[in-house]
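The sequence and structure are shown first, and the description follows.

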Amino acid sequence: MRFIIRVVVNAFALWVVTLIPALQVQIKAFAPGETLQLVLTLLAVAAIFALVNTIIGTVVKIVAFPLYILTLGLIGFVINGFLLWLTAWITSGFGWGLTVGSFWWGVLAALIISLINGVFGFILRPQSKRSRRD
């Protein structure tokens, strides 16, 4: 269930990023390119992005741990941009999916996606029940 929620939030974040033309991030929808195909393409790209983040992102972050310490975590922005660019590369092989204008626009788009995911993660996280003293 958490994976599905993560995919939906990622799809929404990707859609928001594609609405900003200066970022040069676009989605090429499935064959007819209508609204349903665009939504399905966004969900598919978001699922691939979540898998890339989970599998490859974990390995890259472990290997880059000394760089996290040296740069006080700023290398994370570059790594997230790399993962977004990698997702664009993977999906472009299918003839549909994500396109990123350049690597640095991808870094900025990944930053915006992270902010949106953080806001939704804060809103959607389960609330712990506080014990009341009567």
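## Overall fold

The model is predicted. Its protein chain holds 134 residues, of which 33% are buried. The secondary structure consists of 5 helices and 2 strands, arranged along the sequence in the pattern α-β-α-α-α-β-α.

The C-alpha trace spans about 60 × 40 × 25 Å along its principal axes. Among contacts between residues at least 6 apart in sequence, 72% join residues at least 24 apart.

## Annotated spans

An unreviewed UniProt entry assigns the feature "transmembrane region" to residues 7–27, 39–60, 67–91 and 103–124. Two of these spans can be described from the model. Residues 7–27 are 57% helix and 14% strand, with end C-alpha atoms 16 Å apart. Residues 67–91 are 84% helix and 0% strand, and the end C-alpha atoms of this span lie 29 Å apart.

## The nonpolar core

The largest nonpolar core contains 30 residues, and those touching the most other members are Leu14, Val25, Leu84, Leu98 and Ile113. At least two residues of this core come from each of helix H1 (2–18), strand S1 (25–28), helix H2, helix H4 (75–92), strand S2 (97–100) and helix H5 (103–124). The largest share, 8 residues, is supplied by H2.

With its neighbours within four places in sequence left aside, Leu14 is in contact with Leu42, Val45, Ala46, Leu84, Leu98 and Ile113.

Helix H2 covers residues 35–63 and includes Leu36. Leu36 counts as exposed because its relative accessibility is 56%, and the cut-off for exposed is over 50%. The C-alpha atoms of Leu36 and Asn117 are separated by 23 Å, and the two residues are 81 residues apart along the chain.

## The largest pocket

Helices H1, H2 and H5 each supply at least two residues of the lining. H1 gives the most, with 5 residues. By class, the lining of this pocket comprises 6 nonpolar, 4 polar and 3 charged residues.

Terms used: Residues numbered from 1 in each chain as written. Predicted model: local features only at pLDDT ≥ 70, side-chain atom pairs only at ≥ 80, totals over all residues. Heavy atoms only, no water. UniProt positions renumbered as here; feature names shortened; annotations may be inferred. Helix = DSSP H or I, 4+ residues; strand = E, 2+ residues; numbered from the N terminus. Buried < 20%, exposed > 50% of the residue type's maximum accessible area, 1.4 Å probe, protein only. Core = buried A, V, L, I, M, F, W, Y, C linked by side-chain atoms within 4.5 Å. Contact = heavy atoms within 4.5 Å. Nonpolar A, V, L, I, M, F, W, Y, C, P; charged D, E, K, R; others polar.
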